Amino acid sequence: MNLFDRIVEAVSPQAALKRESARYRLGAVRSIRNSGYDESGASRRKNSFLGWQANSRTPQEDIDKNIPILRQRSRSLYMSAPLAVSAIKTNRTNVVGIGLKLKSTIDANFLGMTPEAAVEWQKNAEREFELWAKSKFCDSTRVNNFYEIQQTACISWLMNGDACALIEYEKETKNFPYGLRVHLIESDRVSTPNSTGNNVYLYATNPDNGNRIFNGVEVNRNNQVVAYHICNTYPNSNLYARKEWKRVQAFGEKTGIPNVLMIYETERPEQYRGVPYLAPVIESLKQLTRYSEAEMMAAVINGFFTVFVTSEKDKSEFGFTGVVDEDERVSDDDTNYELGSGMVNTLDPGEKIEIADAKRPSTNFDAFVTALAKYTGAALEIPVELLQKSFTASYSASRAALLEAWNAFRMKRDWLASDLCQPVYEIFLTEAIAKGRLKAPGFFLDPVIRMAYCGAQWNGPAPGMLDPGKEVDAAEKRIKIGLSTRQKETIEMTGGDFDSNIAQLARENKMMKDAGLLSGGETGRESKKEGEDKTNGKKEEDDGRENADGEEPADGGEPADSGESGT
């Protein structure tokens with residue numbers, strides 16, 4: 001307390017107490033202001049943060065505003081950057097592969113079905129879906145079947161940030177009894193009406209109902225997606241003289257069945273459009289591509305053997321100005337000098353050629369590319385071994401890398417199955433049951449019954465096995481102690497179906513037994529091995545009995561001492 005505080009205290013202790021209390025609270029505020037994030041990531045005084053003007057706003061302002069240029073650059077990298085192609089196609093191959101296959105898993109207990117009846121219904125449903133999925137008639141453009149649509153949708157989702165599938169219907173034909181069609185379009189066509197090129201309207205209002213439109217997605221006052229606006233062509237394309245937009249409701253008014261399926265990864269609440277997979281590493285991949293091209297050009301130039309001749313004579317007296325193939329010639333102008341394999345250039349009197357030696361290509365090229373690929377792979381959840389397809393580490397390191405990558409692959413597979421495969425299957429079941437091709441009592445009466453019939457698993461490619469023997473042994477142990485099932489292990493290890501495998505093995509064993517190649521049992525080898533084990537056990541038992549009676553053991557050891565043994 002200073003002199004003034006002491007005077008106040010003597011005159012009015014209550015006023016002095018208020019002053020001291022205010023001074024204490026002010027000190028606490030200052031200490032909080034100068035601690036925590038204000039002294040680290042939120043500091044406005046550190047030199048390292050002075051030029052960092054981060055300004056995050058709504059998902060629509062942060063994402064939708066930048067989506068067009070992000071898409072174009074992502075596509076450019078996919079067409080020119082090897083690591084970008086590897087990142088996207090590695091995901092496509094491991095997430096989808098040849099296509100996610102349906103495995104119907106209805107709730108038989110709830111539906112009151114016997115196990116045999118449930119298996120029969122599931123087989124019929126899978127057979128009907130296979131009829132639809134393997135036909136190109138399932139595609140509105142009649143270009144791909146449903147499994148190829150999955151592959152294209154996965155690449156489009158990763159490259160563009162989202163993929164859009166329109167649910168359409170056509171009249172069934174004599175050879176194709178289903179009218180369901182899937183029309184896959186690129187995300188550019190889902191746009192706000194009157195958008196052109198990179199001019200994306202972040203906010204527009206539907207004059208008919210007052211709903212807001214964000215980059216082609218119409219939401220109501222409760223921020224619920226109610227419709228999508230589809231352009232008849234790409235907004236930045238000139239193929240069509242007139243661009244028109246069609247409003248498509250997100251869900252059917254009477255049925256509630258989705259009319260549009262948007263496939264994307266949500267990163268922020270109230271986000272309606274996806275971000276391209278390569279967005280965080282676009283700059284790194286582009287710079288790495290430029291660096292690789294420069295090193296490649298340097299290696300090509302260093303591989304040339306070019307001779308330059310300086311003479312006082314005129315060029316015409318030599319009879320040539322260079323030795324080069326016509327398809328490699330840059331120009332016929334005498335002022336241009338070319339580099340090429342075995343090329344000879346004649347110079348004018350007084351001209352000299354000096355080539356700077358930049359020590360290229362660099363000896364650290366591979367190490368630098370690998371180091372940058374590690375950071376890129378970390379951002380994309382792909383280990384560098386998988387990104388570069390270079391497995392030079394130990395077994396443990398390679399296995400750990402594959403397991404980490406498959407955590408991300410499985411998550412993306414679940415997203416794709418939830419956003420595309422399962423909705424399409426449920427829509428297909430609705431049509432199949434409505435047409436009477438499948439019998440499902442109560443399907444249209446109770447949502448719970450409908451859910452019980454729609455249960456399904458979507459199985460894709462299995463992880464690779466670095467050491468199949470160890471993987472199979474581990475799977476066998478998991479089954480024995482109840483941590484897994486044969487069905488699950490079959491799917492995860494080979495991507496097959498355990499029920500189908502058992503049925504096929506039974507047929508094969510019967511054929512081999514009928515041909516006299518099996519003496520009995522599953523393989524015959526087990527029976528023989530079991531007999532050998534019994535014989536060996538009996539022999540050991542007899543040997544033990546002989547040793548106990550004091551006879552000479554088979555291995556020449558000392559006989560048992562009857563005195564010590566007490567017999």
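Author: Val-300 counts as partly exposed because its relative accessibility is 39%; the term covers values between buried (under 20% relative accessible area) and exposed (over 50%), with a 1.4 Å probe and protein chains only. The model is predicted, so local features need pLDDT of at least 70 and side-chain atom pairs count only at pLDDT 80 or more, whereas totals for chains, interfaces and linings use all residues. Residues are numbered from 1 along each chain as its sequence is written, and side-chain values use heavy atoms, with hydrogens and water left out.

Val-300 lies in helix H9, residues 282-303; helices are DSSP runs of H or I with at least four residues, numbered from the N terminus. Together with Met-296, Met-297 and Ile-301, Val-300 forms a nonpolar surface patch with about 370 Å² of accessible area. Accessible areas come from the Shrake-Rupley method with a 1.4 Å probe, and for residues only the protein chains shown count as cover.

Thr-376 provides a contrasting case. Thr-376 belongs to helix H10, residues 365-380, and counts as buried because its relative accessibility is 3%. Leaving aside residues up to four places away in sequence, Thr-376 touches Val-281, Ser-284, Leu-285 and Leu-387, where contact means heavy atoms within 4.5 Å.

Definitions and conventions: Helix = DSSP H or I, 4+ residues; strand = E, 2+ residues; numbered from the N terminus. Patch = residues over 30% accessible without salt bridge, like charges linked within 9 Å, V, L, I, M, F, W, Y side chains within 5 Å. Salt bridge = Lys/Arg side-chain N within 4 Å of Asp/Glu carboxyl O.
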